[in-house]
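User: I would like to work through a sheet and a pocket in this model, taking one point at a time. Could we begin with the terms and then turn to the details?

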Amino acid sequence: MGIVAGLDSSSGFTHVVVCDTDTGAVLREGYAPHPIEEKATEADPQAWLLSLGEAAADGVLDDVQAIGVAAQQHCLVPLDPAGNPVRAAMLGNDKRAQVAAADLVEAFGGKQAWAEAVGTVPTAPLPLAKLAWLRRHEPQNAQQIAMVMQPHDWLVWQLLGRPAHRTTDRGAASATGYWSAATGTYRPDLVELALGHRAALPEVLGPSDTAGTTPEGLLISAGTGETMAAAFGLGVGVGDAVVSLGASGSVMAVHHEALADSSGMITSFADATGMHLPVVHTSNAVRALRGTAEMLGVESLEELSALALKSTPGASGLVLLPYLEGERTPWLPHTAGTLCGLRRESMKPEHLARAAFEGMLCSLADALDVLRGRGVQVRRVFLLGAAAELAAVQAMAPMLLGTQVVVPQPAQYAALGAARQAAWALGVAQGTLAPHTPPAWQGAVAQVLEPGEELPVGKALRQQYTAARDQIHPEAFGPVH
């Protein structure tokens, strides 16, 4: 038996898990919040190190042979020639680069050109868009940038003692806007387009490669982005999709190839195993439930769920298009939500509550259909987020998503994925694992929900939702025939 660790440096905390290399059983855990303000859009990278040190205190890493690092994505760490931060890191929730992203799309010839070049159409969160913003608004800082990193790259580099050789992995690189998952190569010309000059970029390692070894002999694996690590920790494979229920939503699936999407709805990520993770984002998920709860004077989502289950499928004809913050899928950035089907008999709290759940899940089903429409197999859906535990979500999700739904028990899946990667790299280094065969850890403990006889009901509800959507936004997903 060996012992490995995985750390997840998310936007607000660091979580460390220490696992058995053979089974993945968690032996110890550590946790610490980041010493930064909640909802901050910038951070001193040293805050991540302080949090890591606190999470790994009290012997958490004793006897650990290898460690993997997962970290928040869409964050820019700009460094000067000496390797020091030019300014604070710009986090993924920083929306200032929205105009800069739109200008990049136009400057390079439109969405199709970007999709073909790197599998991603620039948006405000991408590090590439942040570089363009810096060039325009902080030109002196932009001119000093000699090296560009992300949190995962930077943390690995710090753990190794800041060596001359700097690395990343294909998962994290695919979230930058200047690396192509399809070709496996950087596009330094796009960095120059955004920044005004070229900058050094870390070498992209393979999934089971080693980034290096510390002076104490601790092996550091390639690491990856938080999304890719969570997928690896869950143990998803081809035929699996993951639907994340946060304030906004996302749908991703394991696929054998990168997908170029000129609409910009699909972001073509690489995963942590050598496969691909096409992702579709929605701007609204649980925020639609919270808004409905506030409107109805309901104190919790659990109460809203119970209220919704007093209604019947179809919510007495009410349909909520949950585009409260505009929408990314379909691309309706300036629209608002719409409540359709109001009649005297439908104007009851339980029907509005049900319409909120059905609207959220139908919107995510739309996102899932974007992937299905490109040939992505979806045989089961993993449902993540605290809202996945709600009775109304579990009752409606299988029939509306049209497939088996798996609700994993809450766990630190990104940290577990990082630990599994560390075990893989350690096994390859020791000759006990093949470079293309990750350790066969037990998958997530989960509740499995089947659509069963309610599948026709779900199809009818999707038709009701689609009819309302197409009436209000007739070309949301292309011309209506």
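Analyst: Two strands are taken to pair if DSSP finds at least two bridges between them. Please keep in mind that the model is predicted.

User: Which residue in strand 24 does Val405 stand opposite?

Analyst: Strand 23, residues 404-408, is joined to strand 24 by four bridges, and the two run antiparallel. Within this pairing, the residue of strand 24 that stands opposite Val405 is Leu449.

User: Which strands stand at the edges of the sheet, each with a single partner strand?

Analyst: The open sheet is formed by seven strands with mixed pairing, in the order 18-19-17-16-22-23-24. Each edge strand has a single partner, so one side of it is left without a neighbour in the sheet, and this holds for strand 18 (266-270) and strand 24 (446-449).

User: At about what angle does helix 12 run to strand 17?

Analyst: Helix 12, residues 349-372, lies across several strands, among them strand 16 (239-245), strand 19 (276-282) and strand 22 (378-384). Strand 17 (249-253) is also one of the strands it lies across, and the angle between helix 12 and strand 17 is about 30 degrees.

User: How many residues of the lining of the second largest pocket are nonpolar?

Analyst: The second largest pocket holds about 380 Å³ of space. It is lined by 22 residues, and those closest to its centre are Tyr413, Leu416, Gln442, Gly443 and Ala444. Strand 3 (26-33), helix 9 (226-234) and helix 14 (413-430) each give two or more residues to this lining. By residue class, the lining has two charged residues, eight polar ones and, as the number asked for, 12 nonpolar.

Key
Residues numbered from 1 in each chain as written. Predicted model: local features only at pLDDT ≥ 70, side-chain atom pairs only at ≥ 80, totals over all residues. Heavy atoms only, no water. 1 Å grid on protein atoms, 1.4 Å probe; cavity = no way out; pocket = protein on both sides within 12 Å on 5 of 7 lines; lining within 4 Å. Points joined across faces, edges and corners; volume = space filled by probe spheres on them. Nonpolar A, V, L, I, M, F, W, Y, C, P; charged D, E, K, R; others polar. Contact = heavy atoms within 4.5 Å. Axes fitted to C-alpha atoms, helices over the stretch in contact; angles between N-to-C directions.
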